[in-house]
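User: Please pick one open space in this model and look at it closely. I would like its surroundings described as well.

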Amino acid sequence: MPSFSWRVWPALVLLLLPSPVAAEEASLLEGWHDVWLFRFLVNVLGYSTIIIPGYFLISYFKRTNYLETGSGICFPLIKTCVFGSEAKTGLLEDVSVTPRSEADSGSSVKQVVKLIFCAAGLQVSYLTWGVLQERVMTRSYGSTTPEEAGEKFKDSQFLVFMNRILALTVSGLWCLMFKQPRHGAPMYKYSFASLSNIMSSWCQYEALKYISFPTQVLAKASKVIPVMLMGKIVSHKSYEYWEYFTAVLISLGVSMFLLSSTPSKQPSTVTTFSGIVILIGYIVFDSFTSNWQDNLFKYKMSSVQMMFGVNLFSCLFTVGSLLEQGAFFDSVAFMTRHSEFAFHAVLLSVCSACGQLFIFYTISQFGAAVFTIIMTLRQAIAILLSCFLYDHAVTIVGGFGVGVVFLALFLRVYARRRMKSGRRLAAPLGQKV
């Protein structure tokens with residue numbers, strides 16, 4: 001077991017302290033691992049053992065002007081990772097993908113079939129993913145009767161690693177099979193989005209230990225508010241009045257749902273202060289990820305290249321942290337003890353990776369507005385499905401709050417579409433003048 005593991009601390013304490021004190025200290029340290037904040041800080045410590053040396057290496061190569069003075073077998077690798085192609089010559093038009101204008105010119109029957117295919121793929125992938133996510137994090141494995149306690153899986157980071165390793169494999173194979181734009185971004189720039197992405201995913205899994213799945217879905221729907229704030233801070237974006245109005249409606253609906261929530265039959269899914277804090281962490285990290293990825297797209301990369309770059313660093317960070325904590329082999333041992341969990345974890349990863357590919361295909365064929373409508377419907381169905389399968393109670397006021405949230409989301413889609421169509425009509429008039 002690695003020397004960095006938190007599990008060796010009690011053993012060291014036993015050696016250094018008298019036995020009664022050592023036993024008390026060991027018990028205390030073991031208890032700390034049940035605190036989510038401690039697990040979060042341990043994960044961050046694991047990431048820092050990769051980030052800090054990487055930072056100094058990148059600074060060294062830039063300071064010594066390695067791009068002009070370097071040579072040897074490692075030069076192409078270092079150039080790709082640290083410098084990239086600053087000329088940003090990659091063009092999305094280089095990719096052999098059918099443009100949307102050509103796809104739109106096809107028969108209406110084909111378009112309807114494509115739309116049904118995309119909607120079904122997104123719904124099946126993410127509804128299955130949501131149900132499994134709640135099953136893995138809130139229910140026990142190994143109990144044959146209701147009286148048996150069973151064993152719960154606790155390491156959210158391992159699930160993040162499972163998702164990312166499969167997504168890396170799928171995106172890598174896609175890049176090999178289909179022509180992509182010439183890559184120009186320095187590889188290390190993916191690490192920023194990757195770090196915030198794995199932290200947001202960890203928070204997403206961890207939050208289910210403290211809040212209900214419907215609460216999590218509504219909180220994810222309300223992330224447009226911090227995304228707008230991050231857009232102003234990171235990208236200096238400006239927003240229309242209707243975007244602020246719908247953001248206020250969403251926050252109002254979420255507040256109504258949270259304030260009216262009642263404890264469910266499962267005590268592990270009661271909304272708690274820890275759950276709210278973890279959800280806020282998820283929203284902040286996820287908002288940073290999307291805005292940083294928007295900035296990265298200035299290099300004219302494809303979405304699958306973005307998927308590959310982010311997941312590459314995500315695998316590096318998570319497997320490094322898991323090995324340092326000694327949690328990787330514990331999670332694998334849990335999989336070997338509970339074949340049902342192994343099946344759920346693999347299926348969870350498959351749904352996540354397939355869902356990402358369906359996202360890219362749907363947006364390329366029908367645009368972001370249609371995609372948003374499909375995913376908004378998916379969120380509503382996910383809440384109903386979770387309430388049905390896991391006995392979550394929703395009051396009348398809470399249900400009204402859910403309706404307000406989804407009304408605001410549809411208003412956003414409608415307003416954005418009207419604004420884009422208005423711009424298209426204004427462009428030809430401007431050209432005539």
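Start with the record. The unreviewed UniProt entry annotates residues 39–58, 241–260, 266–285, 306–329, 341–361, 368–390 and 396–415 as "transmembrane region". The model itself is predicted. Two of the annotated stretches can be set against its geometry. Residues 306–329 are 96% helix and 0% strand, with 30 Å between the end C-alpha atoms. Residues 396–415 come out as 100% helix and 0% strand, and there the end C-alpha atoms lie 28 Å apart.

The top contributor is α3, with eight residues.

By class, 18 lining residues are nonpolar and four are polar. None is charged.

Next, two lysines. Lys-189 sits in the loop between α8 (156–177) and α9. Is Lys-189 buried or exposed? Its relative accessible area is 19%, so Lys-189 counts as buried, the cut-off being under 20%. The side chain of Lys-189 also has a partner: a polar contact of 3.0 Å links it to the side chain of Tyr-299.

Lys-62 belongs to helix α3, the helix that gives the most to the pocket lining. Lys-62 has a relative accessible area of 42% and is therefore partly exposed, a class that runs between 20% and 50%. Across 21 residues of sequence, Lys-62 and Phe-83 are 8.3 Å apart, C-alpha to C-alpha.

Last, the cysteines. A disulfide is a covalent bond between the sulfur atoms of two cysteines. The model has zero disulfides by the distance rule. Cys-118 has a relative accessible area of 0%, so it is buried. Cys-315 is buried too, at 6%.

Technical notes. Residues numbered from 1 in each chain as written. Predicted model: local features only at pLDDT ≥ 70, side-chain atom pairs only at ≥ 80, totals over all residues. Heavy atoms only, no water. Disulfide = S-S within 2.5 Å. Buried < 20%, exposed > 50% of the residue type's maximum accessible area, 1.4 Å probe, protein only. UniProt positions renumbered as here; feature names shortened; annotations may be inferred. Helix = DSSP H or I, 4+ residues; strand = E, 2+ residues; numbered from the N terminus. Nonpolar A, V, L, I, M, F, W, Y, C, P; charged D, E, K, R; others polar. Polar contact = N/O pair within 3.5 Å; in protein donor to acceptor, adjacent residues only side chain to side chain.
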